[in-house]
Amino acid sequence: MTTLPADDLRTRVAIIGAGPAGMLLAHLLAAEGIESVVVETRSEEYVASRIRAGILEHSTVDLLRAAGLGERLDREGHEHRGIYLQWPEERHHLDFVDLTGRSVFVYGQTEVQKDLVAARRAAGQSVHYEVADTALHDLETDHPSVTFTDSTGRPRRLVADVVVGCDGSFGPSRGAVPASLRRTSERVYPYSWLGILADVAPSTDELIYAWHDDGFAMHSMRSATVSRLYLQVPNDTDVADWSDDRIWDALATRLGHGQDGWQLTPGPVTEKSVLPMRSFVQTPMRHGRLFLAGDAAHIVPPTGAKGLNLAVADVGLLAPALVDLLGRGDARLADAYSDTALRRVWRCTHFSWWMTSMLHRSGDDFDAQLQLSQLRWVTSSEAGATGLAENYAGLPIGM
């Protein structure tokens, strides 16, 4: 066995990123006896508080339950049978359970993160928060490594058998794939979402996706007492230009306040931000002993509720591949990981694009009539409704 310098660490899997993808991977590997070390640029508190996704696919819920992470989800999450699709004077319910036998759960990413951190802390997981200068080395060898400066300012080197990049759009992992090998595909949409969190009970039992001539709006929720709502806005929107009253007035108009007696109840806004809309895919998702998962490899607009679920699906494929590779010397699943994961990535990227394109106003009246025609078809055709439900509730991991 090679003796490492005092500042060097050794593990089987070095995981960059302590968000849901990284922590879930560490949890799944530990269940199979594979040790890992996680390094994270941000503080534990920052990672825990990031307001992101709130809808869990059927497959995601199944995986979390199977991993022993479903107790609080089942107790505090809210199972939803479907969504509402709406345009002026019309609102239609799509029941996913009737159409596909699969439901979704409203359970925020912050809650998933709490469950993962609690589980890994109880198991003694090694996590280095607030690191700097993270870099990846020797990825085409059997002993890749990650160097970083820890929170005390001490330079460290983490030597592993495998490195997994779960560090999102701005981490170093994506760029560690040589430029001569990586291919990127991107679509930047000409609008953003202005999103709010509000301390008010949801005004709807299930999510509302609303097409309106003023622009898209969405009514979601995080719990029985917290609502999450969105408005389509131009890309150059300054959140400071949107007072709480202006936001609630726009939401009431676009969501149909007063239509068939439905009422939107406003409440105190606790968080307000502008979210750009884009799609991004980088291939391959593997280079040598580096594997990418989640936002490090792909971004989708949030319209289809796929971001967190895609990250979970990546990890659900990668964990058994690494167990076979490191525990049994069988590289077949690891060699197939990128191609297998990308089939689902592109399916979800298409669905997210389709939902986004169907619901957001471009300013072109021809496009508007096409969108309304599509909405009428989806809500009146069992085949159309089933296609949406199948994709939204989630295709099986490894499809």
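Trainee: How do you know that β4 and β8 pair?

Mentor: In this predicted model, β4 and strand β8 (residues 104–106) share 2 bridges in the antiparallel sense. Two strands pair if there are at least two bridges between them, so β4 and β8 meet the rule. Within this pairing, I55 stands opposite V106 in β8.

Trainee: What is the order of the open sheet of 3 strands?

Mentor: The order is β4-β8-β5, and the pairing is antiparallel.

Trainee: Why is one side of β4 and of β5 left without a neighbour in the sheet?

Mentor: β4 (55–56) and β5 (78–80) each have a single partner strand, so they stand at the edges.

Trainee: How many aromatic pairs are there?

Mentor: The count comes to 9 aromatic pairs.

Trainee: Why is the pair of Y189 and Y191 called stacked?

Mentor: The ring centres of Y189 and Y191 lie 6.1 Å apart, which is within the 6.5 Å required for a pair. Their planes stand at 25°, and planes under 30 degrees apart count as stacked, so the term applies.

Trainee: What makes Y189 and Y191 count as buried?

Mentor: Buried means under 20% relative accessible area. Y189 has 5% relative accessibility, so Y189 counts as buried. Y191, at 7%, is therefore buried by that rule.

Trainee: Why is the pair of Y209 and Y392 called edge-to-face?

Mentor: The ring centres of Y209 and Y392 are 6.0 Å apart and their planes are at 90°. An angle over 60 degrees counts as edge-to-face, so the pair of Y209 and Y392 takes that name. The pair links distant parts of the chain, with Y209 in strand β15 (residues 208–210) and Y392 in helix α12 (residues 382–393), 183 residues apart.

Trainee: Are Y209 and Y392 buried or exposed, and how do you know?

Mentor: Y209 has 0% relative accessibility and counts as buried. Y392, at 1%, also counts as buried. Y209 and Y392 belong to one aromatic cluster, whose members include F96, W193 and W354.

Trainee: What makes R42 a charge over the ring of Y46?

Mentor: R42 lies over the face of Y46, at 4.3 Å from the ring centre, and the distance limit is 6 Å. The charged end of R91 sits over the ring of W262, 4.5 Å from its centre.

Trainee: Why is α1 called roughly parallel to α9?

Mentor: The axes of helix α1 (residues 20–31) and helix α9 (residues 307–328) come within 9 Å and cross at roughly 30°. Angles under 35 degrees count as roughly parallel, so α1 is roughly parallel to α9. The crossing of α1 and α9 is right-handed.

Terms used: Residues numbered from 1 in each chain as written. Predicted model: local features only at pLDDT ≥ 70, side-chain atom pairs only at ≥ 80, totals over all residues. Heavy atoms only, no water. Helix = DSSP H or I, 4+ residues; strand = E, 2+ residues; numbered from the N terminus. Buried < 20%, exposed > 50% of the residue type's maximum accessible area, 1.4 Å probe, protein only. Lys NZ or Arg CZ within 6 Å of the ring centre and 35° of its normal. Axes fitted to C-alpha atoms, helices over the stretch in contact; angles between N-to-C directions. Parallel < 35°, antiparallel > 145°, perpendicular 65-115°, else oblique. Left-handed = near helix turned anticlockwise from the far one by under 90°.
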